Amino acid sequence: MHPIVILGSGLAGYTLARELRKLDTAVPLVMVSRDDASFYSKPMLSNALAAGRSAAQLAGSSAAQMSAQLSTRILAHTEVREIDIAARTVQAGNESITYAKLVLALGADPISLPLEGDAAGEVIRVNDLADYARFRTAIEGRKRIALLGAGLIGCEFANDLAAAGYAVEVIDPAPRPLGRLLPEAAGNRLRAALEDLGIGFHLGRTARALTRAGAGLRLELSDGSVIETDAVLSAIGLKPRTGLAVHAGIRVNRGIVTDRRLATSAADVYALGDCAEVDGQLLPFVMPIMHAARALAQTLAGTPTQVSYPAMPVVVKTPALPAVVCPPPAVAGGWRVESDDAGIDARYEDDRGRLRGFALLGAATARKNALAQRLPPVLQ
Amino acid sequence: MKIWQCIVCGFVYDEAKGLPEDGIAAGTRWDDIPADWACPDCGVAKADFEMAEVVAA
């Protein structure tokens with residue numbers, strides 16, 4: 001009997017394996033991972049520094065432990081070179097594996113901004129646990145960090161670095177932090193809370209060049225201003241890993257295209273997590289992965305199941321001013337914002353007065369579940 | 001009273017504070033939270049992932 005093969009050992013791959021084992025303890029399962037395949041919490045990478053957590057402390061279970069727990073063969077440190085959808089094989093390292101079903105849980109790569117200058121290669125990105133270990137080494141004993149990106153992960157890193165004692169300068173082309181997720185008043189409030197920690201904002205600008213300056217670095221921005229810094233961290237977004245799928249002739253748009261059963265255009269090949277564009281949506285967050293993994297486990301165990309997404313609030317871990325966002329779909333409407341000293345409660349209502357999204361800051365975050373229950377599902 | 005953290009998403013559960021907005025009273029111990037409880041941030045079931053203890057008071 002050929003195995004179900006899962007490419008990737010991130011949250012998507014491991015959650016799928018776990019959900020599948022609840023339904024079927026016998027089906028042979030193989031997981032292939034580029035890294036050491038330890039299980040860890042990716043959302044914690046952007047808020048582990050101030051808590052003093054090392055990469056080793058963040059690693060939960062090793063590949064050997066996961067392999068025993070899930071009755072799964074795990075090929076760690078193994079690069080998948082090719083998928084052959086006609087022969088139903090994957091070339092993993094030097095081994096050719098024939099699959100009964102194949103699941104692409106490949107994740108996403110950080111987007112890199114093209115920078116000029118002799119130190120452009122020094123920009124740090126933190127997308128997995130090994131990156132986090134390198135990041136910790138790179139900033140050890142340093143004081144100043146320039147951070148590219150004031151989105152969700154950028155804001156979390158800024159808060160974490162500042163709380164750990166670093167002098168942080170944040171650069172983003174948007175006029176406010178979390179510019180795409182928060183209405184203006186909420187973005188301004190978050191900015192003020194982060195500024196209170198000593199974080200500097202350089203908004204409406206992009207980084208242009210990074211050069212060496214003595215023992216430090218010199219970051220030049222699009223308006224000609226200069227930030228002297230010790231390290232540059234980039235957190236400007238993710239791009240689904242689609243190369244293997246493209247090469248195999250599997251349909252790709254922004255991500256690997258799947259229907260609501262997580263099925264790709266190739267027979268018996270599925271995709272989930274940050275690499276997948278499920279029914280037209282890219283949702284690189286934890287909650288959608290959980291829902292998709294449960295549905296796909298059912299399908300793989302013999303009960304074809306479509307994924308449903310309820311409204312899924314996204315938590316922004318900025319202890320200076322905690323935030324929860326549930327971005328509205330592109331429908332006509334407007335924000336209704338209530339603000340007091342303890343926080344902001346912003347609700348997006350459509351033209352018929354129905355709640356379609358929200359952004360909560362500070363004490364108002366306690367209302368996230370009550371509000372989420374009033375929102376229509378993302379995929380019914 | 002202990003503080004626990006979800007090993008998937010980092011959600012923190014403080015027994016002393018409980019989760020009043022989710023119907024879990026302040027002072028509820030992790031052991032006393034129902035088995036069908038799911039992490040409010042990531043949806044992981046209590047049965048799937050034990051929360052890791054981060055601070056012992």
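Q: By class, how many nonpolar, polar and charged residues does the lining of the second largest pocket have?

A: The general idea is that rolling a probe the size of a water molecule over the atoms shows where empty space is left. The model considered here is predicted. In it, the lining of the second largest pocket comprises 21 nonpolar, nine polar and 10 charged residues. The space in this pocket amounts to about 1,100 Å³. Its lining counts 40 residues, and the closest to the centre are P322(A), G10(B), F11(B), V12(B) and D41(B).

Q: Which elements give two or more residues to the lining of the second largest pocket?

A: From chain A they are α5 (152-163), β23 (314-316), β24 (323-326) and α9, and from chain B they are β1 (2-5) and β2 (12-14). The largest share, four residues, is supplied by α5(A).

Q: How many salt bridges does a search of the whole structure find?

A: The general idea is that side chains of opposite charge can pair when their charged atoms come close. Over all chains, the search finds 24 salt bridges. One of them joins R294(A) to E19(A), with 3.7 Å between the closest N and O atoms.

Q: Where in chain A do R294(A) and E19(A) lie?

A: R294(A) belongs to helix α8 (residues 286-300) and E19(A) to helix α1 (residues 11-23). The two residues are 275 residues apart, and the pair thus links distant parts of the chain.

Q: Is E19(A) buried or exposed?

A: E19(A) counts as buried because its relative accessibility is 8%, and the limit for that class is under 20%.

Q: How many residues apart are D131(A) and R134(A) in helix α4 of chain A?

A: They are three residues apart, about one turn of the helix, which spans residues 129-139.

Q: Which parts of chain A does the pair of R367(A) and D345(A) tie together?

A: The side chains of these two residues meet in a salt bridge at 2.9 Å, N to O. R367(A) lies in the loop between β27 (355-362) and α9 (368-372), and D345(A) lies in strand β26 (residues 343-350), so the pair ties together parts that are 22 residues apart in sequence. R367(A) is partly exposed, at 38% relative accessible area, while D345(A) is buried, at 6%.

Q: Which residues do salt bridges that share partners join into one network?

A: The network consists of R18(A), E19(A), K22(A) and R294(A).

Q: What is the order of the strands in the open sheet of three strands?

A: In chain A the order is β6-β7-β8, and the pairing is antiparallel. The strands β6 (80-84) and β8 (95-98) stand at the edges with a single partner strand each, so one side of each has no neighbour in the sheet. From one strand to the next, the twist averages 20 degrees.

Q: How many bridges join β6(A) to strand β7 of chain A?

A: Four bridges join β6(A) to β7 (residues 89-92), and these strands run antiparallel. As for individual residues, V80(A) has A92(A) in β7(A) as its bridge partner.

Terms used: Residues numbered from 1 in each chain as written. Chains lettered and ligands numbered in written order. Predicted model: local features only at pLDDT ≥ 70, side-chain atom pairs only at ≥ 80, totals over all residues. Heavy atoms only, no water. Salt bridge = Lys/Arg side-chain N within 4 Å of Asp/Glu carboxyl O. Buried < 20%, exposed > 50% of the residue type's maximum accessible area, 1.4 Å probe, protein only. 1 Å grid on protein atoms, 1.4 Å probe; cavity = no way out; pocket = protein on both sides within 12 Å on 5 of 7 lines; lining within 4 Å. Points joined across faces, edges and corners; volume = space filled by probe spheres on them. Nonpolar A, V, L, I, M, F, W, Y, C, P; charged D, E, K, R; others polar. Pairing = 2+ DSSP bridges. Axes fitted to C-alpha atoms, helices over the stretch in contact; angles between N-to-C directions.
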